[in-house]
Amino acid sequence: MPNIPRIKDSILTRIWEELKHVNYQKLNEKAGMSFTIVTAGSRNEIEDMHCWLETHDYPLATKWMKDASIDAGIDHARMRRRLRSVVVDDAADIAQLASEDHVVLQQAGFCLAPPRLASLLAPHARILHIYEQGAGAVLAEEIIESHPELRFALSHSFPAFRNAHAHREIRETAMQNASWVLFTAAPNIVPNPAQLFTAPAEALSDFVVMTTNEIKLMFELVALTGRRVQPMRMLPELGIILGLAKLAQLTATNLTGKIPGAGLVIKGGVAYAFTSAIGEALYIYQIAGVRVGRDFIEARAQVWMEEGKQFAQRLLRRKKENSTPEDADNGR
């Protein structure tokens, strides 16, 4: 009797083979990159900025788990190595800046300063970001957007940047998974005899690729929350991902169908939505050590569904606009 393949082992083997190509050492290098932030202002203003840099509040975690305790993962020694303070109260102080302060302002990754000093410091600082109380989340997003080369280093060292960075990595992974399922699904949208063979292969391929992308996302979330990526010590997290991925797959089956036209948009939207929900679940586990369940995944997928469908529509529209007459002939 021929050997019957063990599907579970086959999936895990394929996922492991894909993960061998993930350069997690590169993530650790990005997270450990050397950089400097200058905080400029009065002593009280500088203290406020430092407090903000240490702050980590994730409302989604506390909303779903009332007793959730966020681990800010603060390494004060690491933070001190990244920070330089320039105490200035007015134009006279800035005019008398020491030469070493001029150097650090010009060489730092960026400078944080209150609005009242912005115009005075602008000629001296290479890059200036304005710090205002109450603008924490907006400022974090602005800085993460402006300094792509420093994203992992910033969030690895300073909790204030982690939510904005995590959201960005989750969104990028959701777009990757939605893009994948959109174009692997194309042969199965219109029912035909070959679908008997291509549909199972599509489902297995989707699961392997999407789950691998979610494991890559987990590595990124580990790095940006201040920890070192060590895959062999992350077996509990791998088990969580496989469980969430299977749960999402089973739930998503009830939402998708092989129907012409809108079927692709729905399929892409579902992939985007469930990947986003899984990413949020992984992030909550990293910062609070709490495992969420089916209710969380389903509720959060519904939140992201519309955005996912809009992304799928844009992607399909772009694909159609860029297709050639030969592509159209081949698609008949």
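Colleague: Leaving aside its neighbours within four places in sequence, which residues is Leu117 in contact with?

Modeller: Contact means heavy atoms within 4.5 Å. By that rule Leu117 touches Ala40, Gly41, Val88, Asp89 and Ile94. A caution on the source: this is a predicted model, where local features need pLDDT of at least 70, side-chain atom pairs count only at pLDDT 80 or more, and totals for chains, interfaces and linings use all residues. Residues are numbered from 1 along each chain as its sequence is written, and side-chain values use heavy atoms, with hydrogens and water left out.

Colleague: Is Leu117 buried or exposed?

Modeller: Buried means under 20% relative accessible area, exposed over 50%, and partly exposed in between (1.4 Å probe, protein chains only). Leu117 has 1% relative accessibility, so it counts as buried. It sits in the loop between E3 and helix H8 (118-121). Helices (H or I, at least four residues) and strands (E, at least two) are DSSP runs, numbered from the N terminus. Asp89 is 28 residues away along the chain, with 8.2 Å between the two C-alpha atoms.

Colleague: In what order do the strands of the open sheet lie?

Modeller: Strands of a sheet pair through backbone hydrogen bonds, either parallel or antiparallel. Two strands pair if DSSP finds at least two bridges between them. Here 4 strands run in the order E2-E1-E3-E4, with parallel pairing. The edges are E2 (83-87) and E4 (128-130), each pairing on one side only. E1 (residues 37-41) and E2 share 5 bridges. Thr39 stands opposite Ser85 in E2.

Colleague: Which strands does helix H3 lie across, and at what angle to E1 does it run?

Modeller: Axes are lines fitted to C-alpha atoms, for helices over the stretch in contact; angles run from 0 to 180 degrees between N-to-C directions. H3 (residues 43-54) lies across E1, E2 and E3 (110-113), at about 145° to E1. H7 (residues 99-107) also lies across E1, E2 and E3, at about 130° to E2.

Colleague: How do H11 and H15 cross?

Modeller: Angles under 35 degrees count as roughly parallel, over 145 as roughly antiparallel, 65 to 115 as roughly perpendicular and the rest as oblique. The axes of H11 (residues 162-184) and H15 (residues 294-322) come within 10 Å and cross at roughly 55°. The two helices are therefore oblique to each other.

Colleague: Which residues meet there?

Modeller: From H11, they include His167, Arg171 and Met175. From H15, Trp304, Glu307 and Phe311 are among them.
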